[in-house]
Amino acid sequence: MKHLGEFRDAHITRRLLSDIGQLATRPWSIMEVCGGQTHSLIHHGLDRLLPPTIEMIHGPGCPVCVTPTSYIDQAIAIAMRPEVILCSFGDMLRVPGSQESLLAAKARGGDVRVVYSPLDAVRLAETCPEREIVFLAIGFETTAPANAMAVKLAHHRGLGNFSMLVSQVLVPPAIEAILRDPASRVDAFLAAGHVASVMGTGDYPELATRYGVPIVVTGFEPVDLLEGIRRTVVMLEEGRYGVENAYSRAVTDDGNPVAKATIHEVFQVCDQEWRGLGWIPHSGWELAPAYAGHDASLRYPFHAGTEPASDPDIVPCRSGEVLRGLLKPCDCPLFGKECTPQSPLGATMVSSEGACAAYFHAGR
Amino acid sequence: MATPDANTSQGLSCPSPQAGHASSRVMMGHGGGGLLSQQLIREVFGEAFGMQAGELAVDAAVVPTLRGPLAFTTDAFVVQPLFFPGGSIGDLAVNGTVNDLAVAGAEPRFLAASFVIEEGLPRADLARIAEAMGAAAREAGVRIVAGDTKVVERGHGDGVYITTSGIGEVLPGTRLSPAHVAPGDAVILSGTIADHGMAIMRVRQDLGFEADISSDTAPLHGLVRAMLTACHDIRLMRDPTRGGLASCLAEMAESSRRGIAIESEAVPIAPAVAAACEMLGLDPWLVANEGKLVAIVPAEAAQAVLAAMQTHPRGRDAVVIGRVVEDHPGRVAVRTAIGGRRIVPMPVGELLPRIC
């Protein structure tokens, strides 16, 4: 494949690995924030090729993994309403709620459909005016522009039967939460390239200065990842901190101004619950008042169940420690035994971007 | 009490479609077992399958005595849409069963086909499907000798579901078994992967991506015959349909209790298919194929088998993708393009595209 092959080149990869091996004079722990990067590291076997001095810690950047249990429960309650067609990205469907997943709700008769784009859901709202179309708007800053666009479009076209259940999360506050955690072992961060392609390098310089850490904006292919790692190691070894951009073919300092303007028109910052990490202030987006008419959480008020024993956030899954880099998936006593992709106990075992599923699928 | 005359009787009965009137859609009456059923079977299936009137009227086909051990299989076919680039559910229904027989080392001889048709299916669609089945059967040298049709109410089916069962004669001297797989054996793949699944995705998901991707649906018994002629001692064959190459290899490793090591670079994928998979976040190793096979052959015969495959139209792109190894028994390991290594697990369930 043109334009991808070069970034999977075995020769360049070997040279970068050798450079990293020579540069690192002591052990360093580097967190790749994004689940796509975790998936790529494991899929290409990069984690096994890195020198023993470099430990990769898998961060909370898988949108499926950090979506709270109560959100899934709410989505299921909405999906079971006869007038509703619930549209979702595919990998949300297997995530366990407190009682069941959306796939199970679908089997019980809920009209749950997989879409590739929120605009597909808007189109459905147009072609099925007699039904209520609810789209599960989840994800990081990467999915936000398209989700915002869909709401704008539905609003503009007067589609009163289109709404969104929003669980948008933001990367910088999550990085900050990890940096403030006294148990954190992270020396440096690979920031997610796709997020930065939308938002630019934004909040990172301030974070890097305040906490004295190197942050390198990094892409997803083997050569991208190794170049990001190499740059963090150079900074760590020189005792420098700050922000560097190792993904300049996609990321500019300012990001995508049109996408950002759309996001800021449609969404406003809110406190957000993260599965495994709890509530983080100012770490999410909700629909702004002008678009509240399309907010499914207002249209279908939901009162969470009161059965904490069945909440996988509490027992027995330890994905919170995995997401904070305190526990390797394969060191969890449940990994590969009680907890597998067939019967996941936590969301990190569901998505192929989740650290636990990535480890399981790669036979780690 | 007056005996009802013919007119009264007709007036009381449920108005049924006239047998002589050829409706453009399949109706409940076509599954009732009466005149309409007979007519549908005769007009749609009889001609397409090359069956005589006498053959259509019997409850079971009587076939000539077959030689040696027999292979016997059945498969149900469910696909949306019914027609897709490169074929239709009709092609799949014949080729799928032919291929299940072929990879068991058998020459397919007879098929039976059952249809569950949803009320309202255009007859023209059913006729196209039947014609595709007839053509596929002729290409595979197999006869469809028995069948059945049922009609279910509209909304209770997906157009049509087809089940085919097949009988084949195991080629003499063949001894395919997972127990014969041994370290050092070569793993051969007959061609590019993921074509069928991505052809379906292209037309099903309303993705609006344009690409030259067609299903690879095709019968493989001719290729298998050529392979077994080149080497009687082929250890094991499978066709990587649902679950793709990954689950096919995982099953072969598991059933033989041997390790399989694959070079990811060696696995051929058409550029358009690779690009579509990349775009949708799908792993081509998990995507379905309908005209490919994986064979484990003794190392010393690998070149001869490969040469035989490459001269056959269904095996032009055949290639050795890996070896059976002493390590990791029961598991498949893949060496990535950049020299990394990972284990290939059995896929979990349906393919669910990733978010970003």
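Between chain A and chain B the count is one salt bridge, in a structure that is a predicted model. That salt bridge joins Arg8(A) to Glu278(B), with 3.1 Å between the closest N and O atoms. On the side of chain A that touches chain B, the elements giving two or more residues are helix 1 (10-23), helix 2 (35-43), helix 3 (46-49) and helix 4 (63-66) of chain A. Polar contact between the two chains, counted where both residues have pLDDT 80 or more, amounts to three residue pairs.

In the interface as a whole, 39 residues of chain A are in contact with 29 residues of chain B, and the two chains bury about 2700 Å² between them, of which 61% is on carbon and sulfur atoms.

The second largest pocket holds about 590 Å³ of space. Its lining comprises 28 residues, and those lying nearest the centre of the pocket are Ile41(B), Leu56(B), Val58(B), Gly147(B) and Asp148(B). Two or more lining residues come from each of helix 2 (35-49), helix 3 (53-56), strand 4 (106-118) and strand 5 (143-152) of chain B, and strand 5 of chain B, with seven residues, gives the most to this lining.

The table sets out the residue classes for the two sets of residues.

How values were computed: Residues are numbered from 1 along each chain as its sequence is written. Chains are lettered from A and ligands numbered from 1 in the order in which they are written. This is a predicted model: local features need pLDDT of at least 70, side-chain atom pairs count only at pLDDT 80 or more; totals for chains, interfaces and linings use all residues. Side-chain values use heavy atoms; hydrogens and water are left out. On a 1 Å grid over the protein atoms alone, a cavity is a set of points where a 1.4 Å probe fits but cannot get out, and a pocket is an open set with protein on both sides within 12 Å along at least five of seven lines; lining residues have an atom within 4 Å of a point. Grid points are joined across faces, edges and corners, and a volume is the space filled by probe spheres set on the points. Helices (H or I, at least four residues) and strands (E, at least two) are DSSP runs, numbered from the N terminus. Contact means heavy atoms within 4.5 Å. Buried area is the accessible area (1.4 Å probe) that two parts lose on being put together, summed over both. A salt bridge is a side-chain nitrogen of Lys or Arg within 4 Å of a carboxyl oxygen of Asp or Glu. A polar contact is a pair of N or O atoms within 3.5 Å; within protein, one must be able to donate a hydrogen and the other to accept it, and residues adjacent in sequence count only if both atoms are side-chain atoms.
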